[in-house]
Every structure is written in C-alpha cells, then in structure tokens.
Amino acid sequence: MREAIDEFRRFQRDKEVNSQLYSKLTVRESKNSIGHGISEDVRKSSGLFYCGPLAPRGSGGSQSWQKRPLHSASSCFIRTDQLDGETDWKLKVAVSCTQRLPALGDLFSISAYVYAQKPQLDIHSFEGTFTREDSDPPIHESLSIENTLWANTIVASGTVIGVVIYTGKETRSVMNTSNPKNKVGLLDLELNQLTKALFVALVALSVVMVTLQGFVGPWYRSLFRFLLLFSYIIPISLRVNLDMGKAAYGWMIMKDESIPGTVVRTSTIPEELGRLVYLLTDKTGTLTQNEMVFKRLHLGTVSYGADTMDEIQGHLRNPCPQMQSQAGGNNASSTPPRKAQSSAPKVRKSVSSRVHEAVKAIALCHNVSPVYESRAGVGGEAEYAEADQDFSDGNRTYQAASPDEVALVQWTESVGLTLVSRDLGSMQLRTPSGQIQTYCILQMFPFTSESKRMGVIVRDESTAEITFYMKGADVAMSSVVQYNDWLEEECGNMAREGLRTLVVAKRALTEEQYQDFESRYSQAKLSIHDRALKVAAVVESLERQMELLCLTGVEDRLQADVRPTLELLRNAGIKIWMLTGDKLETATCIAKSSHLVSRTQDIHIFRPVTNRGEAHLELNAFRRKHDCALVISGDSLEVCLKYYEHELAELACQCPAVVCCRCSPTQKARIAKLLQHHTGKRTCAVGDGGNDVSMIQAADCGIGIEGKEGRQASLAADFSVTQFRHIGRLLMVHGRSSYKRSAALGQFVMHRGLIISTMQAVFSSVFYFASVPLYQGFLMVGYATIYTMFPVFSLVLDQDVKPETAMLYPELYKDLTKGRSLSFKTFLVWVLISIYQGGILMYGALLLFESEFVHVLAISFTALILTELLMVALTIRTWHWLMAVAEVLSLGCYVASLAFLNEYFDVAFITTVTFVWKVSAITMVSCLPLYVLKYLKRKLSPPSYTKLTS
C-alpha cells in the first residue's frame, strides 16, 4: 500500500511536468490568410514550433521581469541545466538566410531542407546542413551545436521559431535517461534469506515429528497439521512491523530540525543510508555554488591579487603611451603598424602597457553578452536597449555559457573596462574615461572539450587593426604561445590554491592573412565528412607563436561546509567519486579545493584513449601507481569499459577518490551499476540537475538536492535535501539508527515466532508427538498483537549512541558496512535463545503443574508474555518514555484480559500465590542467565560505541 502511494505521488509529479504547453506554427486554410503563420497550444508537436521567452506556454504569468539581450533577432539565450547541469545561459544562433524573410508566414513558402546526423547520445555536438533550393545559386549553410535547442532546455530570453528534427525516443534527453527500477534495501534481502532458512527449518521440523511418530496412518495429514502448528516460525508480522518502522524513520528524518526541508520520497529504503560504501556526487550545484570570483592576474613578472586590484585600476586610468602612439600611427596608415607589431614582442613593454593589453584581451575574448533588465510591458521597450544613455551599470547583468566567462568580464568592469553591448557582429567597451571603443567580431571559435580553448578575431573600428585573441587551459596553450619560463610554475601554484586557470594570448593579423584564413575556414565548415577535424586544422594554422599576455585565476565557491562533510564521509569509510559533465581542469581544481583529494595526494590523470591498445597501455601505467586519486574523462572511460571493464573497476575501487569528467547522464548511471556489479557494495548518488536523474535512479540510494538547476533531481530521488552538508547527518545519524533499529526489530519478531514454535514442539514431543495445538483461538491472536506488539515495535525508538556522538565519531559508521547487526551469526544466537527459553518455559510449566492440564496453559502462557516483555527490556540500549509506556500498557492489557479468558484459564487458580511464584520462577530461569551473559559480554568485549559513551 505504501509503495502504491509513493508511485501515485510520482505519477502526479510527472503529469504536472508533462502537461506543459508549447506552440505549434501552422498555416490557416482560409483564402485570405494563406502564408500567414498562427500559433496554437499543443502538448506534442512536429514540424515548425514557436517558443516564447522565459518559459514554455502554460507555465503561468508570474515572470514580471524580462531580461533583454542586446542582440539582433537572429539569436536567443537558452538554459540547459536539466540536460548537462550547467546553470548559465547559452547563446544560440539562427540560420542567417531565414532572417531576411518579410513575414513569419513566409517560412512556409521557401523551399529548403535540413540534413541532420542520426540520433546519438552526445549532447555537446551536432552536425548538419541547411540548404535553400529556391535561390540562385542554392544557399548552403552549416549547422552546428550553436544552431540547436535540445528537448528539456528552456528559452531564457528571446523568441525561437524552429523545425523539429528529433522527437520522442530520439531526443538527446530521452536517450540519456535510463528506466527507473524498484529499489529493495539490502536489509530486506538479508531478512528474505533468513526467512527462507526458517521455512526450511519449518519443513524439516515437521518431517522429523512425523518420522518420530512412525508414519502411522495417513502420515501426510499429520505432516500438514504439523506445518500449520509450527507456522509461527515464519514471521508473517515481520513485514508489517518493518514497514511501520520505515514509516517511523521517514517521519523522524523529516521532523529533524538539524536538516530542515529534507523529504523522504521512497519510504522503503531508509536502512540503505546506513550501509553505504560508495558515494557518487555531481559537482556543479552539488559541491559548488557555481558562483565564480576573480582572484589572481599574473603577467609573468608581476602578480595581482584581491588586495592589489586598485593598482590595475590606476594603470587603466592612465592612457598607455605605446597604445596612444600606435593609435596615432594607425590612423595615418594601416600597413606600417602591422609590420612594426610583429617585432613588438622583442621590445620590453612597460608594466602599464602589459596591463592594458591583458585587460583588453580578457574584455574581448569571451562569449558573454550584457543583458539589461526592464519591466515587462514598459512602453518603448524596443528602443530601450539601443539608447546609450540607458546602459546604466546598476541595470546590467552578464550571461554566458560558462560562469568563468562572466567572472572575468565582471572583473574587467570592476577595474574600469566595461562591456556595454554586444551582438553577433560587434561589441563595445567603455574605458575608465568614458570613451566607447567598438570592435567588429570577424570570427568566433567556441570552447570544445577537444581543443580546451576558445578564440575570437576582432577588428578595432578606430584603427582597423585585426587581432586574434585566444584563451584556454594551460595544457592546450603552452604549445601555442611563445617561449616563456614562468607559465607552468604559476599554473601549478594557482591550481594548488584551488583556482581555475586560463592562459590568455594574442596574435596580430594582416588583412591578407585574415582573408586567406576566412576562405579556408568557410570551406571547411561546409564539409559533411570530418567537419570537426577540417575546421580544427584551419584554426590551428593561426595558433602559432602567439604572444602570451597573462594568466588568470578564478575561484569557484564551494557549498557551505562541503569540506568538513566530505571529511566526515571519508572518516566513515565511504569512498567518494565525483562524476561531472564539466571540463577536466575544472573538475581537478574542485577536487583539490573541496579536499576530495588531499593536498599531499598524487593525482593520476588518465590520458585520452581511443582504442584497445592505448587503453591497455594506460591501464598498465595506472596499475604502477599506489594510493593516488584517478581523474578520467568520459570518452576514455567509455573505451576502457568496452574492453577492460573488470580491470578498470578493480583499479578504480582501490583509489581513495575518483573524478570522472565530461560524463554524460548515461555514463553516470553506468558507473553506478558498474560499482554495484563488481563490488556488491551499496552505492549512493547525489545530484541536483536533470542530468543526474539517471545516476540517482540507478544507485541503491538516490539523494537529490534542491538548487539552481531546478527540482528534477530532487523529485526523482529517494531522499531530497536542501544542502549538501545535510547528507552527513542523514547518513551518520538517521541511516545508522534506521539500520540498527530494523536489524533488532527483525530479529526480535523472528524470536517471538520461534519461541512459541519451540514450546509447541516440546509439548507435542511430551505427548507422544500428537499434532494438537498448545494455545488456541484468542491466545495466539493476542500474543502477536496487543500483548507484545507495542513493546516490540518500540525498538524503532532505540539508539545506541546520541546523535552528537555519531556525528563526532563517524568511524562508528564503518562497522555497519560489514553487516554485523544482522547476519547468520546473530540470527543463530537468537535461534539458540528461542530454543532455550521455549524449552525452559514449556518443561518448567509441565514440571510445576500438579492437578489439571489447564494450569499448564496458564503458567506457560503468562511466563511467555513476561519473558517477551523482559527480553525487549534486555535488548533496549537507551530508554525512551514511550518504551516504558508500551511495556506497562501491554502488561496491563494482559492482566486486564485474564478476567475474560475463563475459556482458556482457571480464573480461581491464577489469583493464587502458587500461580504467581511458579510463573516468577520459570520467567527468572528463562531470562536471568541471558542478563548475566549480556553483562559479562559488555564487560569483557564491549561494543565500540560503549567506549565512547562510558
């Protein structure tokens, strides 16, 4: 029933998401309006679609603010956080030949087709061409990732009209989503094994009784009677008690004031939180806030930190003499300065001129767009962004595909050089003196995981100078820039501080050099086969002997208390793997800054491999390393899993920490399944975006964090928290308690059935193996319900240590992963206890009864109830007032019911002193030895937690 309720709630959440409306562009059939497009709300669309700003249609009108990008109508911004986990806006560009149509409806009148690659998993690439046939000559345009909007992305600003290419199961989001599974806890599986053992014991005991009976008469009838008599061996009430216990654990988790906002969405696996060995976590939004702060600028001979940024402002306020002379010379003629420029690096520039060049390069080499906010519905909105006087600093925000980019541009604004506007063809900078500098964007080379760098070619409108600016990771830029002796050392220093580094360089181009490059570049972009390789080869022809300008360091702020939480989890014996869709350099920096990898620990960066031979060599190289963290990319991981899955899993599991970068959602899920399959240990996945849903569903236990990337991961997870630091208490306190309580509860319910079955076996043996029930009717019903249920269930309130102690000593958590609280060893102990107590209770009652058999029933049953209540008290480690109430209430119910049980008991006999001392004697013999043994064990071999609480 509880699982059905959980499923129904999920169905309601899915229905809410799937009912969002979009608009479809159609042609009116009436004669007057053919050729004019209209939009209609649809849930599933094909053909041309229309998407408005900020949100899908039907999502409500609560968005009263609208962000206006300073772009022409041929571009828009989208958010992809539910696909790749990145929260920043990304610029998408339209096909240029469709921008010159006079009306919207003219889209239906052109003759064009799109060539697109077949559906695939990769969300970071797309290759296609757009061909318009009704022009002379036909127009061919290349389509790339910049021209696409995947499903599950949101148009954040602007308006989009597009053609649907992939639908249904062919969309990237669906291809990267795995089917959810029904999760069953390890404790439930272990109890199932014990229940199977009990069933075998039931059958064996029944067969033994029939055999000792001598197979007299219709023996099979006796066999079935014995099976029914001993059926209490099978703990039917176990499932009910455990499910009620799980509901209680969930309620305790959600009511814990130390972790506010925590929601239990799957109430069947709270014990899993106490058995975890591997924790798979996302990076962006989970470990980090995805908020970047500029920290360091290094020019080779001088370094500027947060406390010396005012010196840079001073340099920028004073016009650079070299720049002034260049500007004066360039106005007269454009050719001589370019010849002089080539020899410029040989002349030692002043610090002021180098600061000017570095800051200008940072302000120009990016994909950031300034966005000006305005109230929706304000008159004259169209002109708002165009007027210079409206570029007020307080009204400006920046949007880009990477938060690093925004941090860099915000820093240039703070030191005086401000990006005030940008469109597809130009950008404008405002100097500290208020002068506007305009630059024409000739080419943009976006960042890719292969190139690890991005570049831009701009022309200064005032001087006609063409400059190629480039920035990227040190590993990619070190071979591109001119010789220097400081770059590698300073990159290492910044990386040790946990900063994300970018190397910035430039190269001056003549008009002839640029025209030659442009013709080759355009030709490469139109090729259908190996387009990426051809384009990269053309761009690389420019990337030679570039002038190194500066090295920047940006810090990604971590979530609150990430470092102590990771330390806590590591001390608890949990191995942490970081799986992220981000770049290798970024992931490595965060691994260091969050102390996922300690400062003294070596890091082995798995080199990119593309085939079996390379993977074999790299795995051998990794095998020679000891106690080092592993950093591997998604592409290399895919190759290794294809050929050497077992070897990779074996080596990676020995590492203290593993970082997988550039991981797709399906790869994250595959890693979770790999660990489950190869280690047999319990895994937990933590994420906050739609790209983490597959991993969360594949892991044994999924935890979603409500963050910037929306609530998709939170809704799909088994447990939802508001901050990463809450995971420590969720596991150390609630996970540990849930497991230990359920283990005790499960074994006690089994003991309750075994003890009465033992008494039945002794009774049948004494009376010539007769298949006659010992207790009948209400006695059996009452025994499993009102007489013992409340005290037994009160075990869900038990705790061995206080929550503060569990948080202070996470090493206590390690013991749980070994499964010692519930094993065949502990089960066997409880079986022996049940046999001993059942035998004492039955033989004692038979030994002490004098005249009537009904006295045996009264003595043995009363002693049985008292024994159960005392055993609960023996098992409890920390008393709660509700436990005492449950004990007293159950005993009171039994004593009160004796007045009504004259059908089973002799009421006159149970009021005598003889009855009382006999029951007391039997109960004492059955329980006192166990109390003594428990006391001796705690003295001679105390459990680990008692050493901390004593």
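Predicted model: local features only at pLDDT ≥ 70, side-chain atom pairs only at ≥ 80, totals over all residues.
What do the buried residues of helix H20 (residues 634-643) pack against? I looked this up first. They pack against helix H19 (612-623), strand E27 (628-633), helix H21 (645-653), strand E28 (657-661) and helix H22 (665-679), with contact meaning heavy atoms within 4.5 Å. Helices (H or I, at least four residues) and strands (E, at least two) are DSSP runs, numbered from the N terminus. I found Gly634, Ser636, Leu637, Val639, Cys640 and Leu641 buried in H20, where buried is under 20% relative accessible area with a 1.4 Å probe, protein chains only.

Residues are numbered from 1 along each chain as its sequence is written, and side-chain values use heavy atoms, leaving out hydrogens and water.

Next I went to strand E30 (residues 701-705). 5 of its 5 residues are buried, so E30 is largely enclosed by the rest of the structure. Cys701, Ile703 and Ile705 point one way, Gly702 and Gly704 the other. I checked its neighbours too: E30 runs parallel to E29 (residues 682-687), joined by 4 bridges, and parallel to E31 (residues 719-721), joined by 3; pairing takes at least two DSSP bridges. Cys684 has Cys701 as bridge partner, and Ile705 stands opposite Val721.

Last, I looked at Leu730. Leaving aside residues up to four places away in sequence, Leu730 touches Ile253, Ile259, Thr262, Leu273, Ile703, Phe719, Val721 and Gly735.

Methods
Buried < 20%, exposed > 50% of the residue type's maximum accessible area, 1.4 Å probe, protein only.
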